[in-house]
Amino acid sequence: MNLNNLSIEVSAVSPKQYPTGDRPEVAFAGRSNVGKSSFLNKVVGRKSLARTSGKPGKTAQINFFNIDSQLFFVDLPGYGYAAVSKSEQKRWGEMMDTYLNTRKQLRQTFLLVDSRHKPSREDIQMAEWIRYRFGYLIIVATKIDKLSRKQMEENFQLIADTLSFTEDDFLIPFSATTGEGKEDFWELLCDMLEIDKPILR
Ligand SMILES: Nc1nc2c(ncn2[C@@H]2O[C@H](COP(=O)(O)OP(=O)(O)OP(=O)(O)O)[C@@H](O)[C@H]2O)c(=O)[nH]1
Ligand SMILES: [Mg+2]
């Protein structure tokens, strides 16, 4: 797989706009501002393929990124952002439910949680849904550059306990600032999809 060949395929709000064909997809879910778009940019080695922002609520559509015409990475809108109006939150929720519950090409949903905080009720719900649909959970714990090693250990335990980790689940410590965790992500993804690992940059 060649990471020089990347593009945004489509920003969708409804299923008619989803890409056609049967390429596998992996989606990235999590609270607003947790770092989904930053994660995506870092793992593919592009500064601004996905749009990021310090202000929560940046990603408002379902964005499909074409990864070397082999698969799609799917950047989802964040949940749990109180400053978005109730009707807008409802619309996003429905849009995501539709995608997550109906999309046949979807091979796994990675759940991003902030390594500094205890997972929220919505994170727990999402984790349960992922286990139900895919059999196991892959958590990306973001922003680890903001923690000491000791805090990290403690917080990873809290995350694992809160999400009722089993031995089938994975946790990838990650930083979009330092790039830590990028290798582990690709290792896991390529094993899962049985594809060759790309040359990372
Ligand atoms: N220090 C640090 N900051 C990060 C990291 N990842 C993301 N950020 C910052 O967190 C903020 C939110 O990042 P985004 O990637 O836009 O978050 P998102 O989850 O896509 O947010 P929504 O699109 O609103 O759901 C930005 O200011 C990023 O620069 C990280 O690993 N370390
Ligand atoms: Mg985003």
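Predicted model: local features only at pLDDT ≥ 70, side-chain atom pairs only at ≥ 80, totals over all residues.
The protein contains 5 helices and 7 strands. Read from the N terminus, these elements follow one another as β-β-α-β-β-α-β-α-β-α-β-α. Along the principal axes, the C-alpha atoms fill a box of roughly 45 × 45 × 35 Å. The radius of gyration is 16 Å, which agrees with the value near 17 Å that a compact globule of 201 residues would have.

The strands come next. The 7 strands form an open sheet with mixed pairing, and their order across the sheet is S1-S3-S4-S2-S5-S6-S7. Strand S1 (6–12) and strand S7 stand at the edges; each has a single partner strand, so one side of each is left without a neighbour in the sheet. From one strand to the next, the twist averages 25 degrees. In a regular strand, side chains alternate between the two faces of the sheet.

Two of the pairings can be followed in detail. Strand S2 (residues 25–30) and strand S4 (residues 71–75) are parallel and are joined by 4 bridges. In this pair, alanine 27 of S2 stands opposite valine 74 in S4. Strand S6 (residues 138–142) and strand S7 (residues 170–173) also run parallel, with 4 bridges between them. Here alanine 141 stands opposite proline 173 in S7.

How is the path from S6 to S7 made, and with which hand? Strand S6, helix H4 (residues 149–162) and strand S7 make a β-α-β unit, and this unit is right-handed. The chain order given above ends in β-α, and helix H5 covers residues 182–193.

Helix H5 has 12 residues. From its first C-alpha to its last, H5 reaches 17 Å, close to the 16 Å expected at 1.5 Å a residue. After H5 comes glutamate 194, which has a positive phi, near 55 degrees.

Conventions:
Residues numbered from 1 in each chain as written. Chains lettered and ligands numbered in written order. Helix = DSSP H or I, 4+ residues; strand = E, 2+ residues; numbered from the N terminus. Expected span 1.5 Å × (residues − 1). Pairing = 2+ DSSP bridges. Right-handed = clockwise from strand over helix to strand, strands pointing away. Axes fitted to C-alpha atoms, helices over the stretch in contact; angles between N-to-C directions. Rg over C-alpha atoms; globule rule 2.2 N^0.38 Å.
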